[in-house]
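Here's a quick briefing to read alongside the model. Have the viewer open and follow along.

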Amino acid sequence: MNELSTLLQKIKENPVMYIDKPSITSLKSFVGGYLSQLTDLGLTPEGYPMEGFQEWIQEREKTNVTQSWAGILIFYCGSERSAFYSFFELFEKFIKQKNDSKIQGSEDVLRLRQDLMFPQFDIYNEILSNIKKRPGMFLGANSITRLDMLLRGYSLARREVGVPPTEPEREFEGFQSWVKEKYGINSGQSWSKIILFYSVDEHEALQKFFELFEEYLNKNKSL
C-alpha cells in the first residue's frame with residue numbers, strides 16, 4: 001500500500017513530528033490506529049501490507065513467544081530506539097519477499113466502496129469507553145502513551161481521506177488546552193506527556209486520563 005509506505009518513510013525521517021520520539025512501541029500503536037480507522041471507513045488495503053509481518057518476524061527470529069512483533073524487536077535489539085530503526089530495514093525486506101513470492105497483489109491501492117457512508121464515530125463512546133474497559137485488548141498494555149499514539153493514527157487516517165470531524169472529535173480537540181490550563185503548563189507538551197509527568201507510571205497515567213477526560217466532558221456540558 002503506497003499510502004502506508006509513504007507514511008512510514010515520513011515517520012522514519014521525522015519521528016518526533018508523528019510519535020514524539022523513535023519508539024517501536026509508539027510506532028506500532030500509531031500504525032494500528034491509522035490502519036484500523038481506514039478499515040472502519042471502508043478503505044480496503046489490497047495486499048494488506050502488515051499482513052504476515054508478525055509471523056515473518058517470529059520465523060526470522062526462530063521464536064514462538066506470544067509477544068507482538070514490536071516486543072520481539074525490542075527483545076533482540078535491546079532498546080526502543082534501536083528496534084524502531086531496525087523495523088524499517090526488516091519491513092523493507094519483508095515487503096520485498098512478499099512481492100517476490102507474489103503473496104501481495106500486483107498493485108497496492110485503497111479502494112473506496114461506492115456505497116460508503118462515513119460513520120459518525122463517537123470518539124468517547126466507541127473508542128475511549130471500550131479501551132477503558134479492556135485496555136490490554138486495544139493497547140497491549142495499560143499505557144497512556146500507547147493510547148495517545150493510537151488516537152493520533154486514527155485522526156491522521158480520517159484527515160487524509162477528508163472525513164469531517166464529528167462533534168465529539170471537535171470536543172476532544174479542546175482537551176489538550178484544558179489539560180495544560182489545569183496543570184499550569186505553558187510548554188508544547190502533549191496531554192499524554194503532561195498527565196504522565198504527574199503520575200507514577202503509564203498505568204496510573206492511563207487511569208488518570210479517563211478521570212480527567214470525564215471531568216473535562218462534564219465541565220463542557222455544564223458550560
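How many nonpolar, polar and charged residues does the lining of the largest pocket have? It has 10 nonpolar, two polar and six charged residues. Keep in mind that this is a predicted model. The protein chain has 13 helices and two strands, and 43% of its 223 residues are buried.

**The largest pocket**
- Its volume comes to about 520 Å³.
- Of the 18 lining residues, L151, R152, S155, R159 and E173 sit nearest the centre of the pocket.
- Helices α2 (15-19), α9 (144-160) and α10 (167-173) each put at least two residues into the lining, with α9 giving the most, at seven residues.

**Aromatic pairs**
- Searching the whole structure turns up 29 aromatic pairs.
- One of them is F84 with Y85, an edge-to-face pair at 4.9 Å centre to centre, with 85° between the planes.
- F84 counts as buried because its relative accessibility is 0%, under the 20% cut-off, while Y85, at 34%, counts as partly exposed.
- F175 and F209 also pair edge-to-face, 5.5 Å centre to centre and 90° between the planes.
- That pair links distant parts of the chain: F175 is in helix α11 (residues 175-183) and F209 in helix α13 (residues 202-222), 34 residues apart.
- F175 is buried at 0% relative accessibility, and F209 is buried with a relative accessible area of 0%.
- Ring pairs also tie F53, W56, W69, F84, Y85, F87, F88, F91 and F94 into a cluster.

**Whole chain**
- Among contacts with a separation of 6 or more, 69% are between residues 24 or more positions apart.
- The accessible surface is about 12500 Å², and 50% of that belongs to carbon and sulfur atoms.

Key. Residues numbered from 1 in each chain as written. Predicted model: local features only at pLDDT ≥ 70, side-chain atom pairs only at ≥ 80, totals over all residues. Heavy atoms only, no water. 1 Å grid on protein atoms, 1.4 Å probe; cavity = no way out; pocket = protein on both sides within 12 Å on 5 of 7 lines; lining within 4 Å. Points joined across faces, edges and corners; volume = space filled by probe spheres on them. Helix = DSSP H or I, 4+ residues; strand = E, 2+ residues; numbered from the N terminus. Nonpolar A, V, L, I, M, F, W, Y, C, P; charged D, E, K, R; others polar. Buried < 20%, exposed > 50% of the residue type's maximum accessible area, 1.4 Å probe, protein only. Contact = heavy atoms within 4.5 Å. Areas by Shrake-Rupley, 256 points an atom, 1.4 Å probe, with all protein chains shown as cover. Phe/Tyr/Trp six-rings, centres within 6.5 Å; stacked < 30°, edge-to-face > 60°.
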